[in-house]
Amino acid sequence: MITRRRFIRSIGALSALGVSSAAYGVGVEPMLRLRVTRYHPTPRQWPADFPLKIAAIADIHACDPWMSLERIEGIVDRTNALKPDLIVLLGDYVAGLHQVTRFIPSSEWARVLAGLKAPLGVHAVMGNHDYWVDRVVQQAGQGPTVAHRALEAAGIPVYENDAVRLSKDGRSFWLAGLGDQLAFLPARRFRSTGRFGADDLTATLAKVTDDAPVILLAHEPNIAPRVPARVALQLSGHTHGGQVRLLGWSPAVPKQQGLRLAYGHVRLKCDVIISGGLGCSIMPVRVGVPPEIVEVTLGRAAPVVS
């Protein structure tokens, strides 16, 4: 079976055979395009009369020249312009490829992300690359990553198997953040380890102490088949939509428990929205899945009574 890594490397090599496709896949779509993709799901567990607008940013992969600080500033400005109630950051802030001119330090990109503003705040989870590049955490098998510490130093809370209760207009809901599901995968290369994820779904949801609806942040969408109906909405990134989508199909994203959780809106026990993300990993190539900010609107505004 072809892996995502092998497929994307193959596309990168094939792009070199055609100047126009290489120019688009490397120089245009990943670097010059930015869209806002809007969803209006209707989860059974979310009150229809409780409007909430969420902006989700995933897979920044900060590095020069592909995701410069100036470009991240533009993403911040575009996100703020949506005027969301809540902004969520879905992981993978660090570079995910080696074809770069500079790896941007976490303190620098975190300082730019601190410019995000929303009435209910900005909230984050970690991604697999944030763990994989941190050798200290890999060797220890635990501990906050450099990216985690940088975000919190910039005033952005990071959730690892934790939940917080938020309120809007007197209505409450829970925002839960899952630890990364692939966090310690590289550790298997140099030592025996009984786990490769930092996630604990049961412990996370145990922190929800009332019947208010729940929104779950999980970098990888893979957990979705296990998420119970108690959760109204899961927001994920990680896949980059396959980074290459052909006629709406992402061949580089394998099936998980019979599902190809690659991109878009999927309805299981809860609604799942998977962002195509912003940056690139493996190779600096995007075709058919432009960088995107995701806007999710839950519920609807109550009718105005004259």
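Two strands pair if DSSP finds at least two bridges between them. Strands here are DSSP runs of E, at least two residues long, and helices are runs of H or I, at least four, numbered from the N terminus.

This is a predicted model, where local features need pLDDT of at least 70, side-chain atom pairs count only at pLDDT 80 or more, and totals for chains, interfaces and linings use all residues. Residues are numbered from 1 along each chain as its sequence is written, and side-chain values use heavy atoms, without hydrogens and water.

Start at strand β9, residues 214-217. Strand β8 (residues 171-177) runs parallel to β9, joined by 4 bridges. Leu 175 stands opposite Ile 215. Strand β10 (residues 233-236) is also parallel to β9, with 3 bridges. There, Gln 234 is the bridge partner of Leu 216.

What covers β9? Both faces are covered. Val 214 and Leu 216 on one side are buried, as are Ile 215 and Leu 217 on the other. Buried means under 20% relative accessible area, with a 1.4 Å probe and protein chains only.

Now the helices. α4 and α7 pack at about 40°, axes 9 Å apart. Axes are lines fitted to C-alpha atoms over the stretch in contact, and angles run from 0 to 180 degrees between N-to-C directions. The pair is therefore oblique, the class left over once under 35 degrees (roughly parallel), over 145 (roughly antiparallel) and 65 to 115 (roughly perpendicular) are taken out.

Terms used. Buried < 20%, exposed > 50% of the residue type's maximum accessible area, 1.4 Å probe, protein only.
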